[in-house]
Amino acid sequence: MLGAEPGAVDSGEWMSVSIPNRGTLYVVATPIGNLGDLSTRAKTTLAEVSLIAAEDTRHSAHLLRSLGLETRLTSLHEHNEQSRVSSILGVLSAGESVALVSDAGTPLVADPGFSLVSAAQAGGFRVVPIPGPCAVIAALSVAGLATDRFCFEGFLPPKRAARRARLESLKDESRTLVFYEAPHRVRESLEDLAQIFGDRLATLGRELTKIHETIYHGKLADLSLKASNDVDIERGEMVFVISGAPPKDPDADPALERLLVALLKQLPVSRATDVAVEVTGARRNVVYKAALALQPAEPDEAQS
Ligand code: SAM
């Protein structure tokens, strides 16, 4: 039944080959707060597999009870994942299917499962995603910031010095940035973000899909102020979405300018442009324009 994948549309292109008599590992997304977000396919999968590997079996038992399911659970969390992998591969080898779930959202996204999925792939087992809720995607979808390219940075380091160093290293990243943050660090992380990233637009998604869902949008400094005045800010789960660094104006790059000035003392404009493009990787038309503007004036013929 599970193998038949009801509802699947076969594009006729590449598909993974399932080896007969071997089970499938299903990576199942579960709600990030709102039970209504669990897909029909996720529920069917959780009902039909022989075993569910769960980050916290008590938490997942609660989910199963609310769905009226009694599937067997085993724990798979960051402290036992390595040792659990071989027993789960044993279940798959015996032809039984297994579902992997985390406490909330999509497994492996800042959650356990990497070792199991990579071992199952390496062992030639079929690994099937059952997609669904994910806080990164939910926050991006309402952030009103560029989503054509984004960069998920997971959790920031908990200690202030390490956090600030990480943010400094991301200062020039031009893609939209997404961070997860623990409730008790939201205020101090926002202070650091505002100080290091400056005047950028950002969105904070708190308690997404839950009763107290709050979405703040604005400049980082305003959001930091808002968070420090919000007595409930530390009560919920939080995602930060921050616009990327504005693209650098190559014309205003002082290093490029210094290089061109030096090159133009020895070389004609087009040769100096070629060398500067090779050294900096900047676009040729931009460098050529800057070289033209910087080329030394021809000596006045009347004076020579
Ligand atoms: N695997 C999950 C996913 O797909 O989003 C993320 C798990 S990670 C351990 C938990 C973090 O995700 C929280 O600290 C918070 O930053 C974010 N998160 C999870 N649920 C959220 C929600 N309902 N609203 C806002 N952020 C949430």
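Visitor: What makes strand 2 and strand 3 a pair?

Guide: In this predicted model, strand 2 and strand 3 (residues 72–75) are joined over four bridges, in the parallel sense. Pairing asks for at least two bridges, and four bridges are found here, so the two strands count as paired.

Visitor: Why is Thr24 called buried?

Guide: Thr24 sits in strand 1 (residues 24–28). Its relative accessible area is 7%. Buried means under 20%, so Thr24 is buried. With neighbours within four places in sequence left aside, Thr24 is in contact with Leu92, Glu96, Ser97, Val98, Arg126 and Val128.

Visitor: Is Leu63 buried or exposed, and how do you know?

Guide: Leu63 belongs to helix 2 (residues 57–67). The relative accessibility of Leu63 is 13%, and the limit for buried is under 20%, so Leu63 counts as buried. Apart from residues up to four places away in sequence, Leu63 touches Thr30, Leu35 and Leu46. Pro31 is 32 residues from Leu63 in sequence, while the C-alpha atoms of the two are 9.4 Å apart in space.

Visitor: What makes Leu108 partly exposed?

Guide: Leu108 is in the loop between strand 4 (98–101) and helix 4 (114–122). Its relative accessibility is 32%. Buried ends at 20% and exposed begins over 50%, with partly exposed in between, so Leu108 counts as partly exposed.

Visitor: What is the phi of Leu108?

Guide: Leu108 has a positive phi of about 75 degrees, although it is not a glycine. Most residues other than glycine have a negative phi. Glu207 also has a positive phi, near 55 degrees, and is likewise a residue other than glycine.

Visitor: Where is Glu207, and why is it called buried?

Guide: Glu207 lies in the loop between strand 8 and strand 9. At 13% relative accessibility, Glu207 is under the 20% limit and so counts as buried.

Visitor: How do you know that strand 8 and strand 9 pair?

Guide: Strand 8 (residues 201–206) and strand 9 share six bridges in the antiparallel sense. At least two are needed, so the strands pair. Arg206 stands opposite Thr214 in strand 9.

Visitor: Which strands are at the edges of the five-stranded sheet, and why?

Guide: The sheet is open, with the order 6-7-10-8-9 and mixed pairing. Strand 6 (150–155) and strand 9 (214–219) each have a single partner strand, so one side of each lacks a neighbour in the sheet. Direction ignored, neighbouring strands in this sheet are turned by 15 degrees against each other on average.

Visitor: Which helices lie across strands of this sheet?

Guide: Helix 7 (residues 186–197) lies across strand 7 (176–181), strand 8 and strand 10 (238–242), running at about 5 degrees to strand 10. Helix 8 (residues 220–229) lies across strand 8, strand 9 and strand 10, at about 140 degrees to strand 9.

Visitor: Why are helix 7 and helix 8 called roughly antiparallel?

Guide: Their axes come within 9 Å and cross at roughly 160 degrees. Angles over 145 count as roughly antiparallel, so that is the term for helix 7 and helix 8. The crossing is left-handed. The contact involves Arg187, Leu190, Glu191, Leu193, Ala194 and Phe197 from helix 7, and Leu220, Ala221, Leu223, Ser224, Ala227 and Ser228 from helix 8. These residues divide into eight nonpolar, two polar and two charged.

Visitor: What makes Ser224 buried?

Guide: Ser224, in helix 8, has a relative accessibility of 12%. That is under 20%, so Ser224 counts as buried.

Visitor: Why is helix 9 called oblique to helix 11?

Guide: The axes of helix 9 (residues 254–264) and helix 11 (residues 284–294) come within 10 Å and cross at roughly 60 degrees. Roughly parallel needs an angle under 35 degrees, and roughly perpendicular runs from 65 to 115, so helix 9 is oblique to helix 11. Their crossing is right-handed. Leu256, Glu257, Leu260, Val261 and Leu264 of helix 9 make the contact with Val287, Ala290, Ala291 and Leu294 of helix 11.

Key
Residues numbered from 1 in each chain as written. Predicted model: local features only at pLDDT ≥ 70, side-chain atom pairs only at ≥ 80, totals over all residues. Heavy atoms only, no water. Axes fitted to C-alpha atoms, helices over the stretch in contact; angles between N-to-C directions. Helix = DSSP H or I, 4+ residues; strand = E, 2+ residues; numbered from the N terminus. Left-handed = near helix turned anticlockwise from the far one by under 90°. Contact = heavy atoms within 4.5 Å. Buried < 20%, exposed > 50% of the residue type's maximum accessible area, 1.4 Å probe, protein only. Nonpolar A, V, L, I, M, F, W, Y, C, P; charged D, E, K, R; others polar.
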